[in-house]
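Hi everyone, thanks for making the time. Please have a look at the model on the screen, and then I'll walk you through a few places in it.

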Amino acid sequence: MREHGLKLVALVLLALFATACDEGPPRLSLWHAYRGDEATALEEAVHRFELESGLGVDVLAVPFAGYASKLEAAIPREHGPDVFVDVHNRLGKFERLGLVAPVGDALGEAKDFAEPALKAVTVDGKVLGVPLAQKSFALYINRSLLPETPKTLTALVETKMPAGTFPFAYESESAYSHAAFLHTFHGEMLTSTGDFGMVGKEAEASLDLVHRWTEEGHIPGDADGALVAQLFSSGKVAAVMSGPWLLADLHVRFPLRIEPLPPLDEVHGAIRPYLTVDAAMLTPSGAGKPGARSLARFLAHERSSLEIRSSLGRQILPLRNVETQDAVAMAFRRAAEDAIPMPTSGAMRAAWVPADQAIRKVLRGDASSHDALVEAEERFRNAAAEAEPSSSPTPLFLVFSFGLVLAAFALVRRAKTATFRSDLRASKEAYRYLGVATVTVFFLVIVPLLVGAVTSFYSGTRNAPVYVGLANYVSILTARGGPLFGNGSFYRTLAVTVLWTVVNVAFHVVIGLVLALILSKPKLAARPLYRVLLILPWAAPSYITALTWKGMFQKQFGAVNALLGLVGVEPVSWFSKFSTAFAANVTTNVWLGFPFMMVVAMGALTSIPKEVLEAAEIDGATRTQRFFRVTLPLLRPSLLPSVILGAVWTFNMFNVVFLVSGGDPDGSTDILVSEAYRWAFTRDAQIGYAAAYAVIIFVLLFSTSELSDWWKRRRDAQARAAIAAHVLTEGA
Amino acid sequence: MVFQSYALYPHLNVRDNLAFGLRLRKADDATIAARIKEASDMLGLAPLLDRLPKELSGGQRQRVAMGRAIVRRANLYLFDEPLSNLDAALRADVRVDIRKLHTKLGATSLYVTHDQTEAMTLADTLWVLNKGRVEQKGAPLDVYERPQTKFVASFLGSPRINLVSAALKRDGNSWIATSKGLSVHLSSDRVRDAKEGASVILGMRPHDLRVTKSTADAFATLHVDVIEALGSEAFAYGTLEGGTPFIARIEPDLARITKIGDALHLSISGDRVHLFDQTTERALDA
């Protein structure tokens, strides 16, 4: 045995030594976030590079969701790749963080690239990426509905169609899509100084045009990506404007044709959608390696790479002169010629949501384009990070130390009590059992909570935090200096959240209780069937349910309006008014939440002895009296914890609010958590501000439940005291 | 109505339990208070008025359940096996309470029980029900001494009455019932409409049996299998000659010296033998 062990150690040492002495060329590394055919094609292209150059390349596919943060974490610590593939619009941020270096000779012949693609990867005059592929809109045409493509989009839009079909559709609610028309009118989403650009005559004209199209019924309103795809593949729309990604979702029976977008009309000229470019980027260390540069150059220029990426990966190559037989690739390449590269500035993140909201408002006819855009600009400025003056951490530090001293003092006083030590010794066994759970909870719950709390004292983005003390809290609690109940203020959102919680829980309890009572009727036939059916909404993942309900509340094609139409109600634009949008959210959440209360109530009902109800009947109680005076009070102890739990869940029910109304109209149906989310993820990444929201939510919920506990304890104590007093007086 | 499981309202204290029915009837507060006082004095509930049912013992709960019935001032009280959930000692106490209460209230009470002690001690009139049918009604002792069906005979009395199949024989003016290992002289008032050779069921309560020295007085001989000595009395379990299981009450002193396997000669007074028709199971003197 011993001899074997020695041999093993020797072998391992030898292996280590051999690795260390390996004099072969160092391997390159490349990261990407592609999936499916695109990933296979890229890896094959890399393989061809290895064969040709004799260099080894390690390829790592990273899930898209965590890609950027992994890059941000790894590259500064020298654990990153030499080359990575990502979309160009992150270049601004990457450059600021020092994750990328100018590509130098990796670019190859600059004149080979299409002009917009090259522009896309150029930040402040420096070329920071080698374009590999590009994505922008083209026109998908259903040839059986539209045999001949009109010369202009206006003509296409105004084509007479049979009832129930539209000549044209696109994701009209999204600012990303609308940018195509905005650019045609010479507007822009972001000014060159990084301010909100979607204001003024040009932007208004673009919105008015689309609004007119919607009003006149040329294009479907309230259209998101899923609806557009569905309408097109079911033959209800003759042509749609979309990117190459639509192809993957499309399974059509009709003759499909993809063409470059026609000009809007004779006056305004080309439609200019956003262009995104996938580029090979070089990390600072990679840029110094000739092998890494030649890898990037190979991927972008070599015939064998282009071939596999365009055929298998179906990528649209951002090159000027590539002869291709593929009509689809041709159409997309030509469509990209007029495209505008998406800005690389980080301010874009804060622009999307206000722009989206303004577009929806105008298209639903809730505001003029002028008013909506002015408001959007206001929102953008409100949300964009204001550099809070950094403040000294000393006061907080003092408070914290004082707290620690107090805690230590209390602990010492406890420890001095006579029973403390013996209690401690007696509980040793119990502590051993609790140890693992305590440690787990500490790291999984307490630590994140503390980190969140600490984050709330900082301002700015994750990468450049500035300590600001309580400034975030002050700003939130003073409604950022605006009116206390103004749109988007903390107090208004809190009021909406409380209303949301109360209304939901009330419906949950009432519906759950009524159903439980019906299900507990002794003579009910097919009870197991009903029970399963009623519990189903609970079993489905909530986000799927939420998306389904959102679809059902769609104005033109939703099931809710269709049903209302049967009884002669005009289609309701559910998400354009607070009341209807709130109602839609509540409906969805009630659907999701009642089964829980029903199950709890069913369980609680079985614990009520039949004789007690019989006794009440003999005492002369009617059905209603029996329910309110006996059943309900007896259910209360078992329902109360569920009600509190349900209230907490509802208070933080992010999925429904975010997915159904999305805060529409104007963020008025947002609740505290979805508001916190928007601060963290859509408004220029103000993590600290969002953390302050989270801390406030935590404090609110915690103190509410503590308060109710305290109240219950006090009531119990009073009752006990009354009994004791009575017994004493009787005794005397 | 007083339930076996008390059926108190668990969420209400004793006072509110008592007041529940009155409140439903919209009685005014003064009346409610007066009735509660009355009932709680009667049942000794005054110290318990502010407690919840879960803070009471079984006997206390049953008293509250009675109180709840009393405050209603009903014309008829229905007790549904009220003592079944109590332990034996408590059962005896509450039984006496119920009897006293009944006397005080002076209202008709219908008391349902499986327990013959309760039935015998509490009832003015005893109704024996079998499968929903009234088998016999009457004063408790009458029912005990003159059961009119085999069911009533076997229902009342502990240990159970001995039942033996036999045939009737005329012996001059009187009748004799015979079976294997058994021959009993019957009192004539027990035998009406009897026919020679009719098959009957004999009922003999263990308490009516005597142990005699002489075989001449004996109607049967018991071979003892088990002796149960209770102190004040004792019971001998065993079989007759023919193998029929039989129980006899014996004196405690005799129990001391009797061993398993001993033979005891039994006698009985003729008027203590109950006779039932083999097919109708009704008493021949009915």
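Let me begin with a question: which helices do the buried residues of helix 1 of chain B pack against? Before I answer, a word on the ground rules. This is a predicted model, where local features need pLDDT of at least 70 and side-chain atom pairs count only at pLDDT 80 or more, while totals for chains, interfaces and linings use all residues. Residues are numbered from 1 along each chain as its sequence is written, chains are lettered from A and ligands numbered from 1 in the order in which they are written, and side-chain values use heavy atoms, with hydrogens and water left out.

Now the answer. From chain A, the partners are helix 26 (610-618) and helix 27 (623-651), and from chain B they are helix 2 (29-43) and helix 3 (58-70). By contact I mean heavy atoms within 4.5 Å. Helices (H or I, at least four residues) and strands (E, at least two) are DSSP runs, numbered from the N terminus.

Helix 1 itself covers residues 14-24 of chain B, and eight of its eleven residues are buried. Buried means under 20% relative accessible area, exposed means over 50%, and partly exposed is in between, with a 1.4 Å probe and protein chains only. Among the buried ones are B:Val14, B:Leu18, B:Phe20 and B:Leu22. Just after this helix, B:Lys26 takes a positive phi of about 60°. In the segment before helix 1 sits B:Ala7, which has a positive phi of about 50° although it is not a glycine. B:Ala7 counts as buried, at 3% relative accessibility.

Why point these out? Most residues other than glycine have a negative phi, and most peptide bonds are trans.

Chain A has a case of its own: A:His186, not a glycine, with a positive phi of about 65°. You'll find A:His186 in the loop between helix 7 (175-184) and helix 8 (201-215) of chain A. Is A:His186 buried or exposed? Exposed, with a relative accessible area of 67%.

For the peptide bonds, go back to chain B. B:Ser158 and B:Pro159 are joined by a cis peptide bond, with omega about -5°. B:Pro159 belongs to the loop between helix 7 (150-155) and strand 5 (162-171) of chain B.

Let's zoom out on chain B. It has eight helices and 14 strands, and buried residues make up 44% of its 286 residues. Its C-alpha trace spans about 75 × 45 × 25 Å along the principal axes.

Last stop, chain A. The domain assignment gives domain 1 (28-134 + 277-319), domain 2 (138-273 + 345-383) and domain 3 (495-670); such bounds come from an automatic or database assignment. The C-alpha centres of domain 1 and domain 3 of chain A lie 51 Å apart. A:Arg360 counts as buried at 17% relative accessibility. Leaving aside residues up to four places away in sequence, A:Arg360 touches A:Glu173 and A:Asp664.
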